Amino acid sequence: MAFTTEVLECNPDSISFPTDQPEITSSETQEALHRASEELRAQRTVAFPTETVYGLGALALEPAAAAKIFSTKGRPPDNPLIVHVSSREMLQRVLPPGYALSRTYETLLKHFWPGPLTLLFPSDPSIVPPIITANQPAVAVRMPSHPVARALIALTDAPIAAPSANSSGKPSPTRAEHVYDDLQGKLGVILDGGPCGVGLESTVVDGLQEDGNLRVLRPGGVTVEDLERVIREDLSDVVPLPKVLVHRRDYRDEAMEQAPTTPGMKYRHYSPSVPVTLLCTQSQPPSGAARTSLTAFLDTLQSDARSLGKPLHVGVLAPSDSPLLEKLRAAPLPDVRWTEFPLGPLEEPAVSAHRLFDGLLSLDKAKVDLILIEEIKEEREGLAVMNRVRKAAGDSVWIDI
Ligand code: TXA
Ligand code: MG
């Protein structure tokens, strides 16, 4: 079905939550939210801002509505969806009757909900349709903190399933314009609430395992350091103290890696339409791979440019105070044209998280021939940044600078 896609402005500052129900002072925002809510109730998809990335929402408990998410995005059916709720009461509606949260989950909810943390809960297929969970025993749920997202869910009075609002495989959208460029004609309404604050998707955590530890399936907006801190502070009397284990860093799960439920394991992710190369300046090359000198790397670029017969347009995503960036700027490469997209200071990975997808999408739109991304430290938000960068990059070069 072809749609005329309308982009409706919403002012997040006009929305407050004195209770679970929003109070909205702007009539434009109120009308836009009601319009979007009608679309959802009519079992169609709507794009809306969250604090992480823009989401493509549909009624989670209506299989026919949820199915439209998969067709709009071209998403493989075995990749499960996150269910978004606006209140604790709505969370209980999607959980098995009588299910009580563990003390660890109560602690996480107290500190991080609403916010960029998704938790796995046991799922009752008579409540949550199997199309949402891809027949997994657990359902992923989060309560977004973005006022527009939370108000839309509360006004619709129904849990909303929402993956990122991009065609499958592309970088996730962090501005309404990104959604429009990608999905225009495939949905009726995009709510524009301005740029997303976090810029990367939520952290997906499985705390349902017998040992009581938290397993981070996808690093994201809530950092591992944040999770460890609240566990240390609020659960100090629990023996043994739950650990925070990051998939592929602290543990591996072969069965899970075969299943599509592990975010980004099976499918191609976050790839713009131009090639992306990761420039590693922090990590050691794997055995068998060698470091390249910066001069040798630049020589390759220059000779690629010469054989192209026109200037090679190279997009660079790097920390604004990176020594590598300074050297690239100073390099005498007559046939290379640079477009920089700074990722913020080296010591502020939250800024890199905020800017990464915007950078990939903006450089793609600027029609560069190649994107270079510089590696950052895998600390705090840097862990989630590098998780996405590795999936976006077709190849990696270890540079000696
Ligand atoms: O920040 C976010 O999480 C955004 C915004 C829109 O809320 N949503 C998002 O959804 O990133 P999506 O579909 O792009 O990524 C959700 C990931 C999937 O890759 C999936 O593997 C994992 O969460 N997931 C969902 N349900 C799951 C389940 N039942 N068990 C394990 N993993 C699950
Ligand atoms: Mg996604």
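Asp157 sits in the loop that runs between helix 6 (147–156) and strand 9 (160–161); helices (H or I, at least four residues) and strands (E, at least two) are DSSP runs, numbered from the N terminus. Although Asp157 is not a glycine, its phi is positive, at about 55 degrees. The model is predicted, so to speak of local features takes a pLDDT of at least 70 and side-chain atom pairs count only at pLDDT 80 or more, while totals for chains, interfaces and linings use all residues. Residues are numbered from 1 along each chain as its sequence is written, chains are lettered from A and ligands numbered from 1 in the order in which they are written, and side-chain values use heavy atoms, with hydrogens and water left out.

**Backbone geometry**

- Most residues other than glycine have a negative phi, and most peptide bonds are trans.
- With a relative accessibility of 46%, Asp157 counts as partly exposed (buried means under 20% relative accessible area, exposed over 50%, partly exposed in between, with a 1.4 Å probe and protein chains only).
- Arg248 is not a glycine either, and has a positive phi of about 75 degrees; the loop that holds Arg248 lies between strand 13 and helix 9.
- Trp113 is joined to Pro114 by a cis peptide bond, with omega near -10 degrees, and Pro114 belongs to the loop between helix 4 (103–112) and strand 7 (117–122).
- A cis peptide bond also leads from Val239 to Pro240, with omega near -10 degrees; here the loop is the one between helix 8 (224–234) and strand 13 (244–246).

**Around Thr5**

- Thr5 is placed in the segment before strand 1 (6–9), and counts as buried because its relative accessibility is 13%.
- A polar atom of the Thr5 side chain lies 2.7 Å from the backbone nitrogen of Gly185 (a polar contact is a pair of N or O atoms within 3.5 Å; within protein, one must be able to donate a hydrogen and the other to accept it, and residues adjacent in sequence count only if both atoms are side-chain atoms).
- The backbone oxygen of Leu187 is likewise 2.7 Å from a polar atom of the Thr5 side chain.
- Beyond its neighbours within four places in sequence, Thr5 has contacts (heavy atoms within 4.5 Å) that include Tyr180, Leu183, Gln184 and Ile190.

**Around Val274**

- Look for Val274 in the loop between helix 9 (254–258) and strand 14 (276–280); a relative accessibility of 14% makes Val274 buried.
- Setting aside neighbours within four places in sequence, Val274 is in contact with Asp364, Val368, Asp369 and Ile371.
- Val274 and Val385 are 111 residues apart along the chain, and their C-alpha atoms are separated by 19 Å.

**The chain as a whole**

- The chain contains 13 helices and 19 strands.
- Along the principal axes, the C-alpha atoms fill a box of roughly 65 × 55 × 35 Å.
- Of the 401 residues, 55% count as buried.
- Among contacts in the chain with a separation of 6 or more, 72% are between residues 24 or more positions apart.
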